[in-house]
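I opened a new notebook page today.

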Amino acid sequence: MNDMLQEFGLTRVAWQVLNVVHDTPDATDVNVLSTLSANADIHTLTAAIETLLADGWASRPAPDRLTLTCSGRQGLTEVAERVATFRDLSTSGISQDEYRTAVLVLERMTRNLETATGADLTEEDARGPGG
């Protein structure tokens with residue numbers, strides 16, 4: 001998904017931030033951070049917000065407030081179509097329960113790796129037991 005999103009200059013986290021801003025009237029940084037805290041750490045989320053502001057996807061109508069720009073709304077629509085196609089392709093033959101479980105497990109795995117600050121993984125560690 002990151003490869004597909006990269007075509008738009010986005011990451012998975014930036015895409016999630018855009019959706020929170022889109023779905024939350026009078027969105028604030030705190031809204032984004034609290035809504036997505038299970039998906040990424042504060043540093044990653046803050047960096048995503050700053051990138052979206054710098055790239056013109058979002059703007060600040062007031063301090064600590066976020067809104068999509070006109071081009072951000074248009075871009076979000078285009079990206080949403082591509083994401084829907086990607087999800088349809090990747091989830092073919094997978095039930096909603098299976099999908100939900102997979103997403104939860106992958107989010108935990110991502111958090112584990114992102115919070116392993118300073119952890120020095122060896123090749124054997126990365127392969128896992130018996131790998």
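**The pocket**

I started with the largest pocket and found 18 lining residues, with Met 1, Arg 12, Tyr 99, Val 103 and Leu 106 nearest its centre. A pocket is an open set of points on a 1 Å grid over the protein atoms alone, with protein on both sides within 12 Å along at least five of seven lines; lining residues have an atom within 4 Å of a point. This is a predicted model, where local features need pLDDT of at least 70, side-chain atom pairs count only at pLDDT 80 or more, and totals for chains, interfaces and linings use all residues. Residues are numbered from 1 along each chain as its sequence is written, and side-chain values use heavy atoms, leaving out hydrogens and water.

I noted a volume of about 570 Å³ for the largest pocket; that is the space filled by probe spheres set on the points, which are joined across faces, edges and corners.

Which helix gives the most to the lining? H6 does, with seven residues. Helix H2 (12-23) and helix H5 (70-90) each supply at least two.

**Leu 106**

I looked at Leu 106 next, in helix H6 (residues 96-114). Leu 106 is exposed, at 52% relative accessible area (exposed means over 50%, buried under 20%, partly exposed in between, with a 1.4 Å probe and protein chains only).

**The whole protein**

I listed seven helices and two strands. These are DSSP runs numbered from the N terminus: helices (H or I) have at least four residues, strands (E) at least two. Along the sequence I read α-α-α-α-β-β-α-α-α. Of the 131 residues, 26% are buried.

Definitions and conventions: 1 Å grid on protein atoms, 1.4 Å probe; cavity = no way out; pocket = protein on both sides within 12 Å on 5 of 7 lines; lining within 4 Å.
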